[in-house]
Each structure stands twice: as structure tokens, then as C-alpha cells.
Amino acid sequence: MEFIDTHCHLDGEEFNNDRDAVVQRAREAGCTSIFLPAIDVASCQTVLDTCKRYPDFCYPMLGLHPEEVKADWKEQLEQIKSFLISHFSFLISPIAIGEIGLDYYWSREFEQEQLLAFEEQVRWSVELQLPLMIHCRKAQNEMVAILKKYVNDLPGGVFHCFTGNEQEARQLLEFPRFVLGIGGVLTFKKSHLPEVLPACVPLSRIVLETDAPYMAPVPLRGQRNESSYIVHMIDKLAEAYSVSAEEICQQTNENVARIFSLKR
Ligand SMILES: [Zn+2]
């Protein structure tokens, strides 16, 4: 069984004491690649450093997370853009813009700035033809409105940590070349994803993710999450779609290969 973790904050300090062991466990569980999203300028550096430590296994995605959009967002974007441009020629190339998006869950203080920062980074995706890793909470309509302006030119991407209903899933799947990132929430007792997904999301539109260190799946809920735990998501997805775990892996790997280019 081989699978890919498309969203993991492996550069986070939660892994500072045992990162090598976490990577080792991931490999032993069948994980063949881990994609690391940045959230701001400082994390662009830690993401790149972590990816350099695990070449051909960890891959960087660079962007400004909506919760990190503050008064200095323009300066942050300027620096992140130069990271993106300058690293194109190095051994470790960014494979996506992310994670970016809109998040009005905690605060709307920087609502306008979030909209502007998101749209600017969506334009980078078109310009550089790098896929998007999108984080969206309590703002799907606003996000969809911005993406629609660029729909014909976007190379694709992931709506990360999808937890919505059928209607929301259908709205997102209208974007061709985009897939839903499915993580630990799927395994939570009250999750409706085991019904929603097979009802309206073909397996060709799903990728796997942990969002580690957050969102650990049942039966490890509440613990620090890590890539090797994806096996619990795979089992739950196989059950929901009435297919084998092997088929879940094969399909989601194909989906990743279609959207992301891991060639150097
Ligand atoms: Zn994340």
C-alpha cells in the first residue's frame, strides 16, 4: 500500500524532537511523499529547510495563510513571491501555492485584506502555473467568486480539509482540475463525510491529507497527528466507497499525479 500526504505541517515545532522518526514511520506505513504548506514568510524558510532534509520525499508549497493576513500582508506577499521565484531554479522547487484562502471563523478583522491577498496569490497560480492548496472556513461563496474569475486559466489544486455538505462539494467540484483534500475529520463520530462523499464525489476527485500535527483520526483523535496515521483515513474511505484500501491508494495517487508535478 502506497499513499501520499498532500498536507502536513512537518516543519512545525511539534516535530522538533522526533522529526526523523516521524518520517521513518511514514515511510514504513507506505507514505511515498509528504507535501508541506507554508503559512507565512518565516515558515517558507522552515518548510524549505525541512524539504531539503528529506529530498525526493518532502515537497514545499509556499503562500500566505488567511489567518496570517495582517496589516503587513503586502510585505509578506512580496517576500513570499521572491521565495517562489528564486527557488524555481534550485534543487527544491515549490510544487504549489499554499496554503492560501479565506478564514472568517475566528475573526473578520482583516476580511478585505484576506480577499486581496487570496486573489493576488490566485493570480500567481495562473502566472506560474502552480496548483493551489486552498484553506477555506466560513467563506466558501467569497472564495468561489474569486476563483471563478480565473477558472479557465487555473492549473488546478486542492480544497484542503473538506468538511462540507453535498451542495458545497458540488460547488467546489465545478472547478475542473480541483480535488477535495480529505483528512481525519472523516473518521470523527459525528462526521457526515462517510455519506456525503460517496453520494456526490467520485474517487477521481479526492486526495489524502493529515493536516498534521492537527486533526488526528479516530482512534488517535486528540493526539499529535502524523503522516503514518493516514492508514486510518484510507480504511474509512474504503468502507464508505465499498472498495479496497488498495483502490483508495491507487486512485488518490493518480489524482495527485494529475495535479502536482514532482519532477525537478
Ligand atoms: Zn494546514
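Q: What makes S5, helix H5 and S6 a right-handed β-α-β unit?
A: A crossover is called right-handed if, with the strands pointing away from the viewer, the path from the first strand over the helix to the second runs clockwise. In the unit made by S5, helix H5 (residues 140–150) and S6, the handedness is right-handed, so the path from S5 over H5 to S6 is clockwise in that view. The model is predicted, with local features needing pLDDT of at least 70 and side-chain atom pairs counting only at pLDDT 80 or more, while totals for chains, interfaces and linings use all residues. Residues are numbered from 1 along each chain as its sequence is written, and side-chain values use heavy atoms, with hydrogens and water left out.

Q: What joins S4 to S5, and which helix belongs to their β-α-β unit?
A: Strand S4 (residues 96–103) and strand S5 (residues 132–137) run parallel and are joined by 6 bridges, with Gly-98 standing opposite Met-133 in S5. The helix is H4 (residues 111–128), and the unit that it makes with S4 and S5 is right-handed.

Q: Why are S1 and S8 said to stand at the edges of the sheet?
A: The open sheet has 8 strands in the order S1-S2-S3-S4-S5-S6-S7-S8, with parallel pairing. Strand S1 (3–5) and strand S8 (206–208) each have a single partner strand, so one side of each has no neighbour in the sheet. Neighbouring strands here are turned against each other by 30° on average, direction ignored.

Q: Why is S2 called mostly covered?
A: A residue is buried under 20% relative accessible area, exposed over 50% and partly exposed in between (1.4 Å probe, protein chains only), and 6 of the 7 residues of S2 fall in the buried class. S2 pairs with S1 in the parallel sense over 3 bridges, where Ile-4 has Ser-33 as its bridge partner in S2. From S1 the chain crosses through helix H1 (residues 19–29) to S2, in a right-handed β-α-β crossover.

Q: What links S2 (residues 31–37) with S3 (residues 58–62), and where does H2 lie?
A: These strands pair in the parallel sense over 4 bridges; Ile-34 has Cys-58 as its bridge partner in S3, and Phe-35 stands opposite Tyr-59 in S3. Helix H2 (residues 41–53) lies across S2 and S3, running at about 165° to S3, where angles run from 0 to 180 degrees between N-to-C directions of axes fitted to C-alpha atoms, for helices over the stretch in contact (heavy atoms within 4.5 Å).

Technical notes. Pairing = 2+ DSSP bridges. Helix = DSSP H or I, 4+ residues; strand = E, 2+ residues; numbered from the N terminus.
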